[in-house]
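Me: I would like to learn how to read the packing features of a protein model. Can we go through one together?

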Amino acid sequence: MPPNGDELPKRGFAVDDNGFQAPAADGSGVVVAVSETSDRLQLLAPFDAWDGKNYTGAKLLIKAFGKCTTDHISMAGPWLRFRGHLDNISNNMLIGAVNAFNQEANKVKNQLTGAYEAVPAVARAYKAAGVPSIVVGDQNYGEGSSREHAAMEPRFLGVKAVLVKSFARIHETNLKKQGMLALTFANEADYEKIQENDTINFLDLVDFAPGKPLSIEFAHEDGSKDVILANHTYNDSQIGWFVAGSALNLIAAGKA
């Protein structure tokens, strides 16, 4: 005979702890205490709002070659222990991406020193020097699981824009929410024009508007220049995220 029994307990379920803790009636005095020496937890500080000016003098952080998933941008595994500490987990940023200029992972040129270093180290050097940086990528950039860290880490380390042939949709939206520029080449062949020692200037970001491509100047080491058109899919609300510095900034200001 087939087994039989009660589908549900006759006297219901005994639950000593339902897992819910009611919030304080007035949360204005609540302090979230996180140790400054913790390597796993860190309080987040709001990202800076856009200053209303064109990005100029930016450096190329990496020109990623071929497949670049969220795992290439922000690896999982042992790194996940730092997911509550943005500074520490940012040490895995783009370490799996292949540099188009040397076909190696996690080895890019620091234009300030001429040395080849790990991607996060070069990003931190640019950030410390007040130099904005740009990431260039290939097709379907950011495919894979929708990890917020893959967008938060570049934002935290001073990357202003990600310019690619095409995006995985969710990653594109995540970049927008963090107040970054998620852009695609109007002409995919322009990917080949990006050189290792380029300095990058946005020419018309001050006129950022829905449906209006952006013009970006890539100044090469030999003195020549290429002006590249970059498309975007920002609507008015998403441009508001960019202006405020992130979607959370806008929400905090009560304007979302």
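Predicted model: local features only at pLDDT ≥ 70, side-chain atom pairs only at ≥ 80, totals over all residues.

Me: Where is Asn-187 placed?

Reply: Asn-187 sits in the loop between β6 (181-185) and β7 (199-202). Its C-alpha is 9.3 Å from that of Asn-231, although 44 residues separate Asn-187 and Asn-231 in sequence.

Me: Is Val-15 buried or exposed?

Reply: The cut-off for exposed is over 50% relative accessible area. Val-15 has 54% relative accessibility and therefore counts as exposed. Val-15 belongs to the segment before β1 (58-63). Together with Leu-8 and Phe-13, Val-15 forms a nonpolar patch on the surface, and the three have about 370 Å² of accessible area together.

Me: Which residues touch the most other members of the largest nonpolar core?

Reply: The general idea is that in soluble globular proteins nonpolar side chains tend to be buried together. Here the largest nonpolar core has 57 residues, and Leu-94 and Phe-202 touch the most other members. The element that gives the most to this core is strand β5 (residues 159-164), with five residues. Apart from neighbours within four places in sequence, the contacts of Leu-94 are Ile-62, Cys-68, His-72, Ile-73, Val-119, Val-135 and Tyr-141.

Me: How many residues of helix α4 are buried?

Reply: Eight of the eight residues of helix α4 (residues 149-156) are buried, and the helix is mostly covered. The buried residues of α4 include His-149, Glu-153 and Arg-155 as well as Ala-150, Met-152 and Phe-156.

Me: What do the buried residues of α4 pack against?

Reply: They pack against α1 (70-73), α2 (86-89), α3 (119-128), β5 and α5 (169-177). After α4 comes Gly-158, with a positive phi near 95°.

Me: How many aromatic pairs does a search of the whole structure find?

Reply: In general, a pair of aromatic rings is described by the distance of the centres and the angle of the planes. The search of the whole structure finds eight aromatic pairs. In one of them, Tyr-55 and Phe-242, the ring centres are 6.4 Å apart and the planes are at 80°, so the pair is edge-to-face. This pair links distant parts of the chain, with Tyr-55 in the segment before β1 and Phe-242 in helix α6 (residues 236-244), 187 residues apart. Tyr-55 is buried, with a relative accessible area of 12%, and Phe-242 is buried at 1%.

Me: Which parts does the pair of Tyr-141 and Phe-167 tie together?

Reply: The geometry of Tyr-141 and Phe-167 is edge-to-face, with 6.2 Å centre to centre and 80° between the planes. Tyr-141 lies in the loop between β4 (133-137) and α4, and Phe-167 in the loop between β5 and α5, so the pair ties together parts 26 residues apart in sequence. Both Tyr-141 and Phe-167 are buried.

Me: Which residues do ring pairs link into a cluster?

Reply: The cluster consists of Trp-50, Tyr-55, Phe-202, Phe-208, Tyr-234 and Phe-242.

Note on methods:
Residues numbered from 1 in each chain as written. Heavy atoms only, no water. Core = buried A, V, L, I, M, F, W, Y, C linked by side-chain atoms within 4.5 Å. Buried < 20%, exposed > 50% of the residue type's maximum accessible area, 1.4 Å probe, protein only. Helix = DSSP H or I, 4+ residues; strand = E, 2+ residues; numbered from the N terminus. Contact = heavy atoms within 4.5 Å. Patch = residues over 30% accessible without salt bridge, like charges linked within 9 Å, V, L, I, M, F, W, Y side chains within 5 Å. Areas by Shrake-Rupley, 256 points an atom, 1.4 Å probe, with all protein chains shown as cover. Salt bridge = Lys/Arg side-chain N within 4 Å of Asp/Glu carboxyl O. Phe/Tyr/Trp six-rings, centres within 6.5 Å; stacked < 30°, edge-to-face > 60°.
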